[in-house]
Number of protein chains: 2
Amino acid sequence: MSIYLDNNATTKLDKKVLKEMLIDLKGSPYNPSSNHFFGKKAHALLIQARAKIASILKKEKEEILFTSSASETLNMLIRGFSKKDAHIITTDIEHPCIFNCVKNLKNVSFLKTGPCGVVKEDQILSAIKPNTKLIVLSFVYSETGVICDIEKIAKIAKDNNIFFIVDGVAAIGKIKFTIPKGVSSMVFSAHKIHGPKGCSFAFIKKDFPYTPLILGGSQEYNKRAGTENLSGILGAAKALELAYDKIDQKIEKMQSLRDLLEELLKKELNISINGKGLRVCNVSNIAFPNISAEDLLMVLNQNKIYASHSSACTSRSFKPSRVLLNMGIKETQVKSSIRFSISRMNTKKEIIHASKTIIQCVKKLKNN
Amino acid sequence: MSIYLDNNATTKLDKKVLKEMLIDLKGSPYNPSSNHFFGKKAHALLIQARAKIASILKKEKEEILFTSSASETLNMLIRGFSKKDAHIITTDIEHPCIFNCVKNLKNVSFLKTGPCGVVKEDQILSAIKPNTKLIVLSFVYSETGVICDIEKIAKIAKDNNIFFIVDGVAAIGKIKFTIPKGVSSMVFSAHKIHGPKGCSFAFIKKDFPYTPLILGGSQEYNKRAGTENLSGILGAAKALELAYDKIDQKIEKMQSLRDLLEELLKKELNISINGKGLRVCNVSNIAFPNISAEDLLMVLNQNKIYASHSSACTSRSFKPSRVLLNMGIKETQVKSSIRFSISRMNTKKEIIHASKTIIQCVKKLKNN
């Protein structure tokens, strides 16, 4: 039995998503910018996909933008943010695509979250300066699953005329939400919800001031040039639709599996959970004292249990997680920590089998 | 019979390409950055695809970069070019993704090609200034099919220590070439050679100085962050392999079909070809005097013949082609011009049928 518990890195494509993608892939020479029959058909498909996403997110279709990845969208919004020399508020535990964008900017406050793993609204309030124009935070922290109270922070942003970008990648499909009014943009990735790699969709408020990252043709309301990845876009819309179909049941299922995993491990092992804040349903970042995460991941891999030690975008190098270190967790604990991330496709049987294997592997490593 | 003659806008996906893409799409949760079994498998697939492209282009695999579109790659290379305040040489007939990038820069010479449709090497030589650091040109002009002698210009670039970016999108698979030594980068798009939309591959010389467009994870040799679009990359490599399989025969076929189209039309109609320079095998940009291209395209569309009046990236608006206008072609002629672009999937039967239909439609429109 092969058990995949690294769903915050990427997920298995849903067969229904593939079916939708094949409309483009099997079909015809579809360029949504062409003016003939095929172009008009492609354009109609593109509009339908955008409308589907807009309807699920309860936003206008003109506010939905497709790009090739959440990294691209976040780079575009942060580096393209047109209020120059503005003060920016973020944390030092954001995804590399945010962290590596803002760390090169001049006027940034990197708030510390502590072991809680998320900032509190009073921290935001204290950090605001007269020239603060942008806040960038994750809705859910992908490495720990800790949830940020974006509703409260959106209110602060709104009251203070500050733009607010939210990385929604690890949140969507795992938590029910309405995008609060004070949020300027929320960015998502299809491949984290059983959709295709190579497609991101984002809500971007009409008044958010930014320069496009890719200039050229007039695609995507003149905001993102280049022939649209139609199969990716169709797949993304379908993936979102599926994620929202009986979403309560899906969330409940993931939560019960995640809780079961922690419960079974706690019975036999002395573990602790990284991230003390409220967590989303599908993530468990676990410290196994006196165990090398690198060794444990290797042994688990041999036993066909797949997890990771940090976000996939940094996990080929075995450096200890910047996110956990910046949360103030000791390096020894960080080096003993593994992230398990569950999807709606995992089963109870898998979790029971995985728990047994993890316990065996940890005990073996301890005896070595 | 439905006849698609707009292959420079996009092409039909080859079934063999789809089969290759399904390795990722049907398969497993493949993130090439993950460190477990699935990640390593995905990483191996990515490396193979890159090696395949490198081998066909006769370059090192570290010199092949994947992005989401040729527009993205060209934006990255031009706007990210790190020699600031350098003088740049280009023309005013480049694709929008080049034209819209350079037109915002300060120190650019836009050379005029005249009705020939391509710059001559002596024009380049005369335009060089002491601070000229970059030349950006198309290998083949997508709207006219006119070929640029990049070999001669590459030599000039090399002799003068100037970086040279080549848009190879309309060239690859349509002309046999070796990338000359003086070329710093050549950029391609998979969906123009029966590959998927959403994937570009480019040769970028190791010494080409540029800032990445997308910061974040360490994917693509730290040059382009974001989870790799593996199905797109596998499809792109396969599409290139197929384009190079018996490439002489494929080019000969396209050339004979294109020549046949022009011959049949010339017999019955008073037409002229836009772009006096040497042309690639698959493009025919034809002026039909006293006929509105917009009307003709509409009538052809009703008769299931699909062509376009300019590059797809601008063709939803019915503005006369900037490329043809800037070549010095009169506006009346530009407004009467249509681009037919052929692929290896077109047949002689199609061309004969299309020619008949075009002749009928033109004659009808003239009598109206």
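Good morning. Please keep in mind throughout that the structure before you is a predicted model.

I begin with the aromatic rings. A pair of such rings is described by two quantities, the distance of the centres and the angle of the planes. Over all chains, a search of the whole structure finds 28 aromatic pairs. Let us take A:Phe163 and A:Phe208 as an example. Their ring centres are 5.5 Å apart and their planes stand at 90 degrees; an angle over 60 counts as edge-to-face, and therefore this pair is edge-to-face. Where do the two residues of this pair lie in the chain? A:Phe163 belongs to strand β6 of chain A, residues 163-167, whereas A:Phe208 is in the loop between β8 (200-204) and α7 (219-222) of chain A. The two are 45 residues apart, and the pair thus links distant parts of the chain.

A:Phe163 is buried because its relative accessibility is 16%. A:Phe208, with a relative accessible area of 4%, is buried as well.

A second pair is found in chain B. The centres of the B:Phe37 and B:Phe38 rings are 5.3 Å apart with planes at 70 degrees, so this pair is also edge-to-face. B:Phe37 counts as partly exposed, at 44% relative accessibility, while B:Phe38 counts as buried, at 9%. Both residues belong to a cluster linked by ring pairs, together with A:Tyr4, A:Tyr306 and B:Tyr30.

The charged end of A:Lys223 sits over the ring of A:Tyr210, at 4.6 Å from the ring centre. In the case of A:Phe99, A:Arg322 lies over the face of the ring, 3.9 Å from its centre.

I now turn to the interface. On each side, 64 residues take part in the contact between chain A and chain B. The two chains bury about 5,100 Å² between them, and 56% of this area is on carbon and sulfur atoms.

How many salt bridges are there between chain A and chain B? The count is two. One salt bridge joins B:Asp24 to A:Lys197, with the closest N and O atoms 3.0 Å apart. On the side of chain A that touches chain B, α1 (15-25), α2 (37-57), α3 (70-79) and α4 (96-102) each supply at least two residues. The largest share, five residues, comes from α1(A).

Thank you for your attention.

Notes: Residues numbered from 1 in each chain as written. Chains lettered and ligands numbered in written order. Predicted model: local features only at pLDDT ≥ 70, side-chain atom pairs only at ≥ 80, totals over all residues. Heavy atoms only, no water. Phe/Tyr/Trp six-rings, centres within 6.5 Å; stacked < 30°, edge-to-face > 60°. Helix = DSSP H or I, 4+ residues; strand = E, 2+ residues; numbered from the N terminus. Buried < 20%, exposed > 50% of the residue type's maximum accessible area, 1.4 Å probe, protein only. Lys NZ or Arg CZ within 6 Å of the ring centre and 35° of its normal. Contact = heavy atoms within 4.5 Å. Buried area = accessible area lost by both parts, 1.4 Å probe. Salt bridge = Lys/Arg side-chain N within 4 Å of Asp/Glu carboxyl O.
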